[in-house]
Amino acid sequence: MSEWLVLVLAMAAACAVVLTITVLRERRLSEDDDPSETPDVIEYMTMMVGVVYAIVLGLAIAGVWEARNSAQDVVRAEAQALHEVSERVQAYAPAARDRTREDVNTYVTYVVNKEWPVMLKRGELTDRGAMLLDKVREDLTSYEPRNDHEGQSYQPLLDQIGAADTARNTRAQNAGDTMPGVVWFGLVAGAFVAVGLIFTLQIRRSPRELLLAGLYSALIAFLLFLIWDFNSPFGHEIADTTSPFTDLFAV
């Protein structure tokens with residue numbers, strides 16, 4: 001199911017629930033009910049809960065957004081390091097050069113097509129990916145430079161494969177969801193409380209009041225969806241964050 005469709009359904013469902021409750025509640029009110037009798041303390045509490053919940057939502061959005069940006073930086077660092085290895089190995093002998101490039105391409109292809117779905121589903125990397133990266137490292141470390149030109153390229157190549165390994169380890173550490181379950185419980189419970197409190201203000205079925213109630217609930221649904229979407233640092237689909245690999249390599 002498309003994320004846009006999920007967003008539309010979530011916002012529509014939130015509006016439908018709030019408007020339905022408002023209409024049903026209006027029908028059950030007696031004729032002598034006066035909406036102006038709402039105690040001031042309830043209005044104050046509703047305002048305070050809304051402000052506190054808005055701050056919590058803002059912090060949550062900032063946290064998952066920062067985690068998503070960091071994850072994208074890690075992917076770019078890993079892809080760029082492997083690209084540098086593939087380019088700088090040009091200085092090596094043809095056999096060693098072709099073998100290293102083939103192993104780099106094999107690793108990248110496996111990561112994008114095989115490891116990425118596992119990472120998104122389970123929040124962990126595979127042993128096969130680590131073995132393929134070790135094979136690239138072995139190609140570089142086992143080669144003996146034949147002259148000064150190759151010797152000058154040897155250490156930079158080792159530095160780049162080390163950078164790729166570091167980025168991979170960081171990717172493994174950040175593969176899981178950003179927000180823990182207890183935080184999600186607080187966000188969802190806070191949404192129910194924030195929306196539920198608007199009914200204490202004795203809103204009526206006037207178009208203006210129904211519009212504001214619907215927009216308020218839809219906004220909260222949108223912000224929760226935004227947190228859910230960014231909660232996975234590497235996205236929900238393979239194409240979300242693999243572009244650094246696919247841009248640099250023919251995967």
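A salt bridge is a side-chain nitrogen of Lys or Arg within 4 Å of a carboxyl oxygen of Asp or Glu. Side chains of opposite charge can pair when their charged atoms come close. The model described here is predicted, and it holds 10 salt bridges. Lys 135 and Asp 103 form one of them, with N and O 3.0 Å apart.

**Helix H4**

- Helix H4 runs over residues 127-141 and has 15 residues.
- From its first C-alpha to its last, H4 reaches 21 Å, which is close to the 21 Å expected at 1.5 Å a residue.
- Gly 129, Leu 132, Leu 133, Val 136, Asp 139 and Leu 140 are the buried residues of H4.
- These buried residues line one face of the helix, because they fall within an arc of 105 degrees when seen down the axis of H4.
- Asp 127 and Met 131 are exposed, and they sit on the face of H4 turned away from its buried side.

- The side chains of Lys 135 and Asp 103 meet in a salt bridge.
- This pair links distant parts of the chain: Lys 135 is in helix H4 and Asp 103 is in helix H3 (residues 94-122), 32 residues apart.
- Lys 135 has 33% relative accessibility, so it counts as partly exposed.
- Asp 103 has 14% relative accessibility, so it counts as buried; the cut-off for buried is under 20%.

- Because Arg 137 lies in helix H4 and Asp 165 in helix H5, the pair ties together parts that are 28 residues apart in sequence.
- Arg 137 counts as partly exposed at 27% relative accessibility.
- Asp 165 counts as partly exposed at 22% relative accessibility.
- Elsewhere, salt bridges that share partners join Glu 78, Glu 115, Arg 168 and Arg 171 into one network.

- The partners lie in distant parts of the chain, with Arg 171 in helix H5 (residues 148-173) and Glu 78 in helix H2 (residues 40-88), 93 residues apart.
- Both Arg 171 and Glu 78 are buried.

Methods
Residues numbered from 1 in each chain as written. Predicted model: local features only at pLDDT ≥ 70, side-chain atom pairs only at ≥ 80, totals over all residues. Heavy atoms only, no water. Helix = DSSP H or I, 4+ residues; strand = E, 2+ residues; numbered from the N terminus. Expected span 1.5 Å × (residues − 1). Buried < 20%, exposed > 50% of the residue type's maximum accessible area, 1.4 Å probe, protein only. Arc of directions from axis to C-beta.
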